[in-house]
Amino acid sequence: KVFASKDKIYIGESYVKSELFSNTYLKVGKYYKDFSSYLNETLSSGSLLISNNAEPMPKIGLLSSYKFKKSKFFYFNFGISHGLFSKSTIYKTAPMLHEKFVYLNYSKNKNDFSIGFVHEAIWGGSTESYGDFPDSFKDFFKVFISADGPLLDGEPHANALGNHLGIWDFYYKKTINNKELKFYYQHFFEDTSGLRFDNKSDGLWGIELSNFIKNTDILIEYLNTMNQDSNPPYVNENYYNHYQYQEGWSYKGYSIGNPFIHFLENNPSKVFHLGISSNDVNNYTYKLLLSRKIESADLIKYQVSIGKMINQWLIGVVVVGEQNKSNNISVKFSYDL
């Protein structure tokens with residue numbers, strides 16, 4: 001996609017995908033992700049791992065799936081990719097991204113359920129403060145299995161090589177005639193305590209209703225990050241932050257995951273998010289997004305947009321603002337290649 005607004009034009013996702021052999025594909029270019037495919041990216045507050053908040057980064061990946069021979073209702077899909085961050089004032093050499101996922105899926109009688117495991121890691125590269133980070137093939141294997149790196153001066157024990165994070169991903173969909181009901185939960189973790197759910201209910205909870213009102217999608221989400229430092233030192237995480245990779249879980253200054261989790265600050269919060277979109281027979285589209293932190297006093301953040309599809313062009317007006325503050329109005333164009 002190509003996007004244009006008042007002050008900039010940039011290319012979004014742009015990649016080549018080629019089938020290598022049965023159900024196995026090679027994907028090369030700039031793209032977001034191939035997991036959590038159920039997520040409505042236009043209405044959601046954003047995936048906990050890779051949302052559309054930042055630009056897509058360059059990646060090369062392998063994707064595949066496997067169907068059980070003895071049961072046609074179960075199948076796996078899985079993938080692995082290698083990405084590259086960008087150089088910056090902090091990163092003398094750009095760090096690398098390691099990403100892999102596996103999902104077990106069940107589909108029968110218009111019921112779909114899946115449980116997935118997604119692992120991300122920042123590794124390699126160099127900074128002024130810490131110099132060159134390990135980046136050999138042996139080091140990649142350590143990153144792949146989250147093995148410990150070298151013991152650093154002043155540290156009581158060795159930590160995993162690189163900056164690791166991931167989600168347990170749960171999803172259910174029920175199809176009723178031309179209507180769809182979705183439930184999902186992304187449980188976030190950055191170490192073994194989160195992996196074992198010691199950070200309790202932290203994560204992104206969501207429900208989406210499609211076509212219960214004709215041509216309308218309604219999405220409600222609840223984001224909880226209050227338990228990231230609930231039991232120091234065992235449960236003592238700082239989501240999206242890292243002491244060595246000082247730009248945290250970000251790409252070119254923007255959070256890679258959910259924008260309500262800041263990559264430079266420790267900001268536990270609870271967020272309520274509502275998204276509604278609709279379209280009519282004349283190719284007009286309407287969208288409303290509302291978000292508010294609910295664990296403390298906060299202002300409602302909103303986005304209202306109206307657009308029209310003309311051939312492959314989407315032309316629209318977008319109003320973005322915050323309660324009791326001035327609005328930012330822009331005209332945007334996007335083109336589907």
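How many salt bridges does a search of the whole structure find? The search finds ten. The model is a predicted one. The legends below take the overall fold and then selected sites.

**Figure 1. Overall view of the predicted protein.** Two helices and 22 strands make up the secondary structure. The radius of gyration is 21 Å, close to the 20 Å that the globule rule gives for 337 residues, so the protein is as compact as a globular protein of that length. Along the principal axes, the C-alpha atoms fill a box of roughly 65 × 60 × 40 Å. Of the 337 residues, 41% are buried. Take the contacts between residues at least 6 apart in sequence: 51% of them join residues at least 24 apart.

**Figure 2. Surface and charge of the protein.** The side chains include 35 positive and 34 negative ones. The centres of these two sets lie 9 Å apart.

**Figure 3. The salt bridge between Lys27 and Asp34.** The closest N and O atoms of this pair are 2.7 Å apart. Is Lys27 buried or exposed? Lys27 is buried, because its relative accessible area is 4% and the cut-off for buried is under 20%. Asp34 has 22% relative accessibility and counts as partly exposed.

**Figure 4. The salt bridge between Glu55 and Lys252.** The two side chains meet at 3.9 Å, N to O. Glu55 is partly exposed at 32% relative accessibility. Lys252 is partly exposed too, with a relative accessible area of 43%.

**Figure 5. The salt bridge between Lys182 and Glu208.** Here the closest N and O atoms are 3.6 Å apart. Which strands hold the two partners? Lys182 belongs to strand β13 (residues 179-189), and Glu208 to strand β14 (residues 203-210). The pair links distant parts of the chain, 26 residues apart. Lys182 is buried, with a relative accessible area of 11%. Glu208 is buried as well, at 2%.

**Figure 6. A network of salt bridges.** Four residues are linked in this network: Asp298, Lys301, Glu322 and Lys325.

**Figure 7. Gly12 in its loop.** Gly12 lies between β2 (9-11) and β3 (14-21). Its relative accessibility is 3%, so Gly12 counts as buried. How far apart in space are Gly12 and Lys30? Their C-alpha atoms are 7.5 Å apart, while in sequence the two residues are 18 apart.

**Figure 8. Asn215, a residue with positive phi.** The phi of Asn215 is about 60°, although the residue is not a glycine. Asn215 is placed in the loop between β14 and β15 (216-224). At 32% relative accessibility, Asn215 is partly exposed.

**Figure 9. Asn283, a residue with positive phi.** Asn283 is not a glycine, yet its phi is positive, at about 65°. Where does Asn283 lie? Asn283 is found in the loop between β18 (270-279) and β19 (284-293). Its relative accessibility of 43% makes Asn283 partly exposed.

Definitions and conventions. Residues are numbered from 1 along each chain as its sequence is written. This is a predicted model: local features need pLDDT of at least 70, side-chain atom pairs count only at pLDDT 80 or more; totals for chains, interfaces and linings use all residues. Side-chain values use heavy atoms; hydrogens and water are left out. Helices (H or I, at least four residues) and strands (E, at least two) are DSSP runs, numbered from the N terminus. The radius of gyration is taken over C-alpha atoms; the globule rule is 2.2 Å times the number of residues to the power 0.38. Buried means under 20% relative accessible area, exposed over 50%, partly exposed in between (1.4 Å probe, protein chains only). Contact means heavy atoms within 4.5 Å. Accessible areas come from the Shrake-Rupley method with a 1.4 Å probe; for residues, only the protein chains shown count as cover. Lys and Arg count as positive and Asp and Glu as negative; His and the chain ends are not counted. The place of a charge is taken as NZ of Lys, CZ of Arg, CG of Asp or CD of Glu.
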